[in-house]
Amino acid sequence: AELSYRVVQVIAEALGLDKDYFRPFFEDSMEFVRLLRYSKQKSVPEDGIFGCGAHSDYGMITLLLTDDNPGLQILHEGKWIDVPPRPDAFVVNLGDMLA
């Protein structure tokens, strides 16, 4: 929660707002931890292959820790683009709340 709120403070400052602008929205916040596998293999539940399909993130931000496995993509200008895995970095997705 500490890291995610620090990222939110940086976003506020980048938008020209006070760094604590979003604080009231996080006083009773809900944090979720989900273990998702982003695979290049298409999800086929009837064959026992489960993956995370195309979606938007409904919160403010999502922090993703990647590893050596490819599969995460972003939709950019109507095209899906691979996000190269970096085991030493987080991917920060801006969620629907900032749209």
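How many positive and how many negative side chains does the protein chain have, and how far apart do the centres of the two sets lie?

Mentor: There are 9 positive and 16 negative side chains, with the centres of the two sets 5 Å apart. Lys and Arg count as positive, Asp and Glu as negative, while His and the chain ends are left out. Each charge is placed at NZ of Lys, CZ of Arg, CG of Asp or CD of Glu.

Know the ground rules. This is a predicted model: local features need pLDDT of at least 70, side-chain atom pairs count only at pLDDT 80 or more, and totals for chains, interfaces and linings use all residues. Residues are numbered from 1 along each chain as its sequence is written, and side-chain values use heavy atoms, without hydrogens and water.

Now the setting. The protein chain has 1 helix and 4 strands, in the order α-β-β-β-β. These are DSSP runs numbered from the N terminus: helices are H or I with at least four residues, strands are E with at least two. Buried residues make up 19% of the 99 residues. Buried means under 20% relative accessible area, with a 1.4 Å probe and protein chains only.

Next, the buried side. Tyr5, Val7, Val8, Gln9, Ile11 and Ala12 are buried in H1. An α-helix has 3.6 residues a turn, so residues three or four places apart point the same way. What do the buried residues of H1 pack against? Their partners are strand E1 (61–65) and strand E4 (90–94). Contact here means heavy atoms within 4.5 Å. For the chain as a whole, take contacts between residues at least 6 apart in sequence: 52% of them join residues at least 24 apart.

Then the end of the helix. Gly16 follows H1 and has a positive phi, near 80°. Another positive phi, near 50°, belongs to Glu77 in the hairpin of E2 and E3, which has 2 residues between the strands.

Notes
Buried means under 20% relative accessible area, exposed over 50%, partly exposed in between (1.4 Å probe, protein chains only). Two strands pair if DSSP finds at least two bridges between them.
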